[in-house]
Amino acid sequence: PLLATTNVELRTKRLNSEIANGRLAMMAIIGMFFQDGLTGSAWGDWALYDASPLRAFESELGVQAPLGFFDPVGYTKDGSAENFGRRRQSEIKHGRIAMLAAMGYITPEVAGKFPGYCSFSL
């Protein structure tokens, strides 16, 4: 019924929305299956999953709600504090560089650009 329309633009918009929401739902259901396997419930409390080595870093700087300690790739599976410290330093360094790069990208758009071209051959 939602796609039943003669307006081509509206139908295209609704189809695009359905595809985007379908993709999101596919990722969500896989996450629910994963969580159900670890905690015993798709809506389970992660506090019930005590076997995770990630619990070792729950009190570290940068742990934020609602995710807690976020390590989607599993770099900290070994539980090594030395490796964690090195990676945290790298994360902070790369984050600072990315913030500077973003400012360098935005500043000319906001403050204006110098007239002319960068190359004299143009």
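Patches are made of residues with over 30% relative accessible area and no salt bridge, nonpolar side chains being joined within 5 Å. I note this cut-off at the start for the patch entry below.

**Entry: the model as a whole.** I am working with a predicted model. I looked up the secondary structure and found 2 helices and 0 strands. I then checked burial: of the 122 residues in the protein, 10% are buried.

**Entry: the nonpolar patch.** Which residues make the nonpolar surface patch? I find Ile29, Ile30 and Phe33, and the patch comes to about 300 Å². I placed Phe33 in helix H1, which covers residues 8–39. Phe33 has a relative accessible area of 54% and counts as exposed.

**Entry: before H1.** I moved to Asn7, which sits in the segment before H1. A polar atom of the Asn7 side chain lies 3.1 Å from the backbone nitrogen of Glu9. Is Asn7 buried, partly exposed or exposed? I have Asn7 down as partly exposed, its relative accessible area being 40%.

**Entry: between the helices.** I looked up Ser80 and found it in the loop between H1 and H2. The Ser80 side chain has a polar atom 3.2 Å from the backbone nitrogen of Asn83. With a relative accessibility of 22%, Ser80 is partly exposed. The limit for buried is under 20%, so Ser80 does not count as buried.

**Entry: the salt bridge.** How many salt bridges does the structure hold? I count 1. Side chains of opposite charge can pair when their charged atoms come close. Here the partners are Arg88 and Glu91, and their closest N and O atoms are 3.0 Å apart. I checked where the two residues sit: both are in helix H2, residues 81–111. Arg88 and Glu91 are 3 residues apart in H2, so about one helical turn separates them. Is Arg88 buried or exposed? I read a relative accessible area of 17% for Arg88, which makes this residue buried.

Definitions and conventions. Residues are numbered from 1 along each chain as its sequence is written. This is a predicted model: local features need pLDDT of at least 70, side-chain atom pairs count only at pLDDT 80 or more; totals for chains, interfaces and linings use all residues. Side-chain values use heavy atoms; hydrogens and water are left out. Helices (H or I, at least four residues) and strands (E, at least two) are DSSP runs, numbered from the N terminus. Buried means under 20% relative accessible area, exposed over 50%, partly exposed in between (1.4 Å probe, protein chains only). A salt bridge is a side-chain nitrogen of Lys or Arg within 4 Å of a carboxyl oxygen of Asp or Glu. Patches are made of residues with over 30% relative accessible area and no salt bridge: like charges are joined within 9 Å, nonpolar side chains (Val, Leu, Ile, Met, Phe, Trp, Tyr) within 5 Å. Accessible areas come from the Shrake-Rupley method with a 1.4 Å probe; for residues, only the protein chains shown count as cover. A polar contact is a pair of N or O atoms within 3.5 Å; within protein, one must be able to donate a hydrogen and the other to accept it, and residues adjacent in sequence count only if both atoms are side-chain atoms.
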